[in-house]
Amino acid sequence: MEGLPGEWAERGACRGANTERFYAVDTTVQRDNPNKYGSARRLCLACDVREECLEFALVHNEKYGMWGGLLPFERRRLRRKGTIIYTPDGNKGFRISTDG
């Protein structure tokens, strides 16, 4: 999962969609009015590669846009609960802590 999104991105429900749905110019809007991203979130929640997309954003610390159905402030909250792991093949992954 290193570098740019892999083949999973080609299968994303967002492929070919207007990117303005997923990115805000004013990042404060994301926290103050996350419902502005309702159409993007609905697309993400129905996507077959949502988990891969979210993991990519968490591993690469994507600071902007909706990835895997979550906005940056939601991903930051999730990152605090998780750990970046390295798989046997040397790629990075993300694991949510199940401890407490």
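These legends walk you through a few close-up views of a predicted model.

**View 1. Confidence along the protein chain.** The protein chain has an average pLDDT of 76, and 66% of the residues reach at least 70. Among the elements of the chain, helix α3 (residues 50-59) has the highest mean pLDDT, 88, while helix α1 (residues 27-32) has the lowest, 54. Where pLDDT is low, the predicted coordinates should not be read in detail.

**View 2. Tryptophan 8 meets phenylalanine 56.** Searching the whole structure turns up two aromatic pairs. In the pair shown here, the ring centres of tryptophan 8 and phenylalanine 56 are 5.9 Å apart, and their planes are tilted, with 55 degrees between them. Tryptophan 8 sits in the segment before α1 and phenylalanine 56 in helix α3, so this contact ties together parts that are 48 residues apart in sequence. Tryptophan 8 counts as buried, at 10% relative accessibility.

**View 3. Phenylalanine 56 meets tryptophan 67.** Phenylalanine 56 is buried too, with a relative accessible area of 4%. Its ring and that of tryptophan 67 have centres 5.5 Å apart and planes at 25 degrees, so this pair is stacked. Tryptophan 67 has 13% relative accessibility and counts as buried because the cut-off is under 20%.

Terms used:
Residues are numbered from 1 along each chain as its sequence is written. This is a predicted model: local features need pLDDT of at least 70, side-chain atom pairs count only at pLDDT 80 or more; totals for chains, interfaces and linings use all residues. Side-chain values use heavy atoms; hydrogens and water are left out. pLDDT is the predictor's confidence in each residue, from 0 to 100. Helices (H or I, at least four residues) and strands (E, at least two) are DSSP runs, numbered from the N terminus. Rings of Phe, Tyr and Trp (its six-membered ring) pair if their centres lie within 6.5 Å; planes under 30 degrees apart count as stacked, over 60 as edge-to-face and the rest as tilted. Buried means under 20% relative accessible area, exposed over 50%, partly exposed in between (1.4 Å probe, protein chains only).
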